[in-house]
Amino acid sequence: MIDLKSKPFYLNDQQIRKVQSILDSMTLDEKIGQVFCPIGSSFEEKEIVEFIEKYKPGAMMYRPLESTKIKHIHETIQNYSKIPLMLAANLESGGNGICIDGTYFSRQMGVAATNDLKQAYHLGMIAGKEANAVLCNWSFAPIVDIDFNYLNPITNIRTYGSDKEKVIAYSKQQINALREYNVIPCIKHFPGDGVDMRDQHLVSSVNDLTVKQWDESYGNIYSSFIDEGVETIMVGHMLLPHYVKYFNPTIKDEDILPASLSKEVLTNLLREKLSFNGMVVTDATAMIGYNVALPRSQAIPLSIENGCDMILFNKDIDEDYTFMKKGLENGLLSLERLNEAVLRILATKMANGVFENKKPLNEIDVVGCKEHQELAYQCASKAITLVKNKQDILPITPQKYKNIRLYHLTDTSKGGFKESGSQKKIEDYLNDLGFNVDVYDENQLDFHEIFETGVSYLKDKYDLVIYVADFDTASNYTVRRVEWIKLMAANAPWFVQDIPTLFISLANPYHLLDVPMIKTYINGYSHNDVVIQSLVNKLVGKEKFVGVSPVDAFCGKWDTKR
């Protein structure tokens, strides 16, 4: 029996009677619809209305759209829904998580690098304010993972770093600000990503911490937030073998399931040991880490039966609804568990004012506004970190380094739902300041330079070489390391002993692993306009470097520090 009077619901008797009455009046199809959060793919009002009437979802999430468009979509959804929806977004970096014209404030690691808790509040405030303005009421953030493994391609700059106390403190500030703007926080990814070096979008990853290690790290984090009444938790598609065997000593290795399907993790650990009474949602069930664990016809109903309350996204929505219904028929899912999941969803909505159809606290012109951009610049200025400074080249001036060769290092393939990048490139700012910047063109390689020239050729042409790496953390990548041109590694820094060379990473903070020979190295943590602007100001001496790395940017390697 769910205690709706205790945290995180705190419902009164009247509210409890109302949610129970709603549950009692629902048809089976309405209950099944309530436990799904599909990805929004309908954009015209007629299509949206037809979708809502057919599937009756409990929540929805749209990828970022222009603010006026997403607000209209959200209004349409709520106007035509019998039960109001939780409307979600990945508000990890600011209002850009729901609006393409929203403020890209900072990745979480950039916030942590400021060493200023106020910046975490600003992240939540800007994300919450801009989301609220377009009627988004559910944030799949903050990320409370620990960045244990520098090779993990999916946590990385999305986290507050490797210190659990900093993760807790900064996430709490972000959560408090979200709540002020009627946005429900959803912490993720239980039971903890960042230990493995694999991405659960591609494989069921593994958190192989022992019971004691987990209790002292991720367990401490989640206990802290559960004790303070966090409303919702997202569960990932990762295995937690030591804890599963702790609760079920006779289980075979091949029978251990990802957390999003595991009774031991969802019920024994999260519900019973950690006493989480709130709503649990799976991570996206389109991920391979979910689908390879069990036949999908079993996985969909078992996620609910074993402790989740809501299914995030679909492969084939009609198929998934059928799987849920057949799961009830064949005993994979009990009606009791379905009712319990729906009740938690309804209670979460009741406790957080979703039924009240509140008007936005701010007008839509707050999205991407000047005030928010200025706060983002302040964060960037405090975050950018001079990690390694072993040669006397900073600050740079046109008098000392007039001619610059600049290499842009980035992905050769697209995809992975990256954050939107900066609109103005670093070479534009440097040229405006009087430098002559020659950008290396990977699409038209100079074979004479590659095969027939030496040190003097480059020294005669360039006073300084700058690398700008933009391997942003994104889904569906096996690694996030520097990629060189395969032909002779033509853009690699073979000349560092002869020409002053500077390396800037706009995203991944761990690139010293691949360029330990570089003597001057900077981390920016977020590829947005304000980071580029502040970075140039720091390069030319207009601003000081004050950021403090929230992780070991030297990757534990002795040679990266030389």
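Modeller: This is a predicted model. Start with the contacts of S171. S171 touches P142, I143, V144, Y160, K166 and F225, leaving aside residues up to four places away in sequence.

Biologist: What makes these count as touching?

Modeller: Contact means heavy atoms within 4.5 Å.

Biologist: Why is S171 called buried?

Modeller: Buried means under 20% relative accessible area. S171 has 0%, so S171 is buried. S171 lies in helix α7, residues 164–180.

Biologist: F225 was among those contacts. What makes helix α9 largely enclosed by the rest of the structure?

Modeller: Helix α9 covers residues 218–227, and seven of its ten residues are buried, so helix α9 is largely enclosed. The buried ones are Y218, G219, I221, Y222, S224, F225 and I226.

Biologist: What do the buried residues of α9 pack against?

Modeller: They pack against α7, β5, α8, β7 and α11. After α9 comes G229, with a positive phi near 90°.

Biologist: Which residues lie nearest the centre of the largest pocket?

Modeller: M61, R63, N90, G416 and F417 do, out of 38 lining residues. The volume of this pocket is about 850 Å³. β5 and β9 each supply at least two residues of its lining.

Biologist: How many residues of each class line the largest pocket?

Modeller: There are 16 nonpolar, twelve polar and ten charged residues.

Biologist: And which helix gives the most to the lining of the second largest pocket?

Modeller: Helix α4, residues 67–79, with four residues. That pocket has a volume of about 480 Å³. Its lining has 18 residues, with Q78, L135, N357, K358 and K359 nearest the centre.

Notes
Residues numbered from 1 in each chain as written. Predicted model: local features only at pLDDT ≥ 70, side-chain atom pairs only at ≥ 80, totals over all residues. Heavy atoms only, no water. Buried < 20%, exposed > 50% of the residue type's maximum accessible area, 1.4 Å probe, protein only. 1 Å grid on protein atoms, 1.4 Å probe; cavity = no way out; pocket = protein on both sides within 12 Å on 5 of 7 lines; lining within 4 Å. Points joined across faces, edges and corners; volume = space filled by probe spheres on them. Nonpolar A, V, L, I, M, F, W, Y, C, P; charged D, E, K, R; others polar.
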